[in-house]
Amino acid sequence: MATAVRTAPVLAAGPGAPGGAPAARGGAPDARDWARRAGALSPVLAVIALLLVPGGGGAEGGTGGTGTVADAASGLLVLVCVVRLLRGGARPLTRTAAVVLGLPVFGVCLAAVTSHDPASSLPGVARYVQVFVLVPAAVLLMVRDRRDFAVVAWGLVGLALLQGGVGVAQYLTGTGASYQGEDIRAVGTFGATDVMGMATVVAYGLVVVVGIALGSPAGRTRTAALVCAVLLVVPLVLSFSRGAWIATVLACGIQLLLGGVRRAVRVAFAVGALAVVLVGGLGIGSSMVKERVASITQVTAAPDQSVTDRYTMWAAAGRMWAAEPLTGVGLKGFPRYRDSNASVALSSGSDTAGAGAGFRKQPLLSPHNMYLLVLSEQGLIGLLALAGSWVALLVGALRRRRSGADCALVASGLLAWQLIDFFYADIGGPSTVLMSVVFGLAAWWALAPGAEGRAEVRGA
């Protein structure tokens with residue numbers, strides 16, 4: 001009798017099948033497994049859920065803390081993980097995982113020690129270690145198998161749907177952040193001072209469900225993922241975030257290619273045809289959305305003030321790095337040296353209003369490019385250490401892509417989205433802590449022993 005060996009997808013979820021729980025013989029999956037796993041993962045899920053709490057506009061200084069309840073929950077997550085390790089209830093990190101996740105510590109500490117003001121760099125050290133080392137390591141240790149991975153992944157989708165729903169309501173009722181003189185920009189519960197927050201959360205959810213749809217067989221799971229994808233496209237568009245749009249399109253394109261070139265071509269034609277019908281034929285899509293899309297191609301010919309400010313700050317970051325090429329000007333040093341390195345084209349700040357807040361001038365305290373922020377503040381050594389850790393995670397996730405299509409596409413897609421988005425954004429704001437959870441989820445797939453799951457042998 002012939003046998004076929006394959007790894008079954010586990011990201012199936014929905015009524016009666018949350019998190020890909022194992023099915024009873026001849027029946028539906030046991031919902032008690034979902035509850036048990038959610039309880040064990042409650043410290044991770046709490047970080048995700050608490051991002052629904054409004055407030056905590058956060059600091060835009062790249063390395064500044066936000067002080068939100070979600071950040072407090074991330075600290076509790078790390079503490080719980082440490083207690084489990086000490087009591088022997090969790091496996092320790094492997095040597096490879098410790099090196100990959102611990103690599104950023106070297107560059108961060110070196111930049112702080114060589115800074116002109118080491119004391120002022122200490123909060124930056126804590127923030128970088130929290131976001132890129134401690135929380136990802138804690139998530140990696142808390143996730144035990146591929147079904148735990150599914151619980152956290154669908155938790156991201158749930159948060160994205162809720163934040164996206166709030167954002168759509170803001171657009172329809174005119175209670176969002178100010179955009180071109182109207183309070184219509186969808187920002188969810190993050191407020192006008194963090195206009196990228198909802199766009200980031202929704203993009204994470206969209207990338208997750210695209211990975212699930214591509215990696216799952218035809219059935220309820222794929223249908224549910226496709227429905228969620230359609231729902232999440234709407235708030236992402238209404239966020240008016242060009243960087244999130246670009247990163248999402250490219251990340252989903254990478255997922256399609258990883259899922260098969262022929263399928264990628266078919267899906268691309270289908271999406272293109274649908275866009276032509278909805279936007280061109282039926283006229284769906286406001287003129288503001290069309291103008292925002294068109295502005296992506298006008299960043300050099302006729303850039304708006306936000307693009308001019310971004311280019312000016314990028315140039316300033318480059319000058320800082322040229323002055324201190326190896327170790328940078330020090331953590332949290334960009335705001336201090338910005339004016340002495342920026343041209344007169346830089347404005348005094350970005351205007352924010354709406355979403356329950358009054359008008360305010362938000363200072364531009366970071367270059368809105370993670371790679372240039374690290375390069376200017378930590379130098380070439382810091383960038384190689386931090387980016388080297390990210391590349392190692394991406395390579396590890398891609399190496400395991402044939403071991404479980406659904407998990408591999410989700411992990412690779414999330415990493416690709418984040419690394420692309422870093423060309424237009426940096427750390428700062430309440431959504432930053434969710435990014436650390438995403439890195440931890442991808443790190444589990446890339447680094448955890450046995451993450452591929454057990455091969456399922458079926459008689460043919």
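Predicted model: local features only at pLDDT ≥ 70, side-chain atom pairs only at ≥ 80, totals over all residues.
User: How many aromatic pairs does a search of the whole structure find?
Analyst: The search covers the whole structure. Rings pair if their centres lie within 6.5 Å. The count of aromatic pairs is 13.

User: Is the ring pair of F132 and W390 stacked, edge-to-face or tilted?
Analyst: The ring centres are 5.5 Å apart, and the planes stand at 50°. Stacked needs planes under 30 degrees apart, and edge-to-face needs over 60.

User: Which helices does the pair of F132 and W390 link, and how many residues apart are the two?
Analyst: F132 sits in helix α5, residues 118-142. W390 sits in helix α14, residues 370-399. F132 and W390 are both buried. The pair thus links α5 and α14, and the separation in the chain is 258 residues.

User: What is the geometry of the aromatic pair of Y179 and F240?
Analyst: The centres are 4.3 Å apart, with 15° between the planes. Planes under 30 degrees apart count as stacked. The pair of Y179 and F240 is stacked.

User: Which parts of the chain does the pair of Y179 and F240 tie together?
Analyst: Both residues are buried. They are 61 residues apart in sequence. Y179 belongs to strand β2 (residues 177-179), and F240 to the loop between α8 and α9, so the pair ties together β2 and the α8-α9 loop.

User: Which helix gives the largest share of the nonpolar patch?
Analyst: The patch consists of L257, V261, V265 and F269, with about 430 Å² of accessible area together. L257 is found in helix α9. The largest share, 3 residues, comes from helix α10.

User: Is L257 buried or exposed?
Analyst: The relative accessible area of L257 is 53%. Exposed means over 50%. L257 is therefore exposed.

User: Which residue makes a side-chain polar contact with T248?
Analyst: T248 is found in helix α9. At 4% relative accessibility, T248 counts as buried. Leaving aside neighbours within four places in sequence, T248 is in contact with A203, L206, L236 and W417. The polar contact, at 3.0 Å, is with the side chain of W417.

Definitions and conventions: Residues numbered from 1 in each chain as written. Heavy atoms only, no water. Phe/Tyr/Trp six-rings, centres within 6.5 Å; stacked < 30°, edge-to-face > 60°. Helix = DSSP H or I, 4+ residues; strand = E, 2+ residues; numbered from the N terminus. Buried < 20%, exposed > 50% of the residue type's maximum accessible area, 1.4 Å probe, protein only. Patch = residues over 30% accessible without salt bridge, like charges linked within 9 Å, V, L, I, M, F, W, Y side chains within 5 Å. Areas by Shrake-Rupley, 256 points an atom, 1.4 Å probe, with all protein chains shown as cover. Salt bridge = Lys/Arg side-chain N within 4 Å of Asp/Glu carboxyl O. Polar contact = N/O pair within 3.5 Å; in protein donor to acceptor, adjacent residues only side chain to side chain. Contact = heavy atoms within 4.5 Å.
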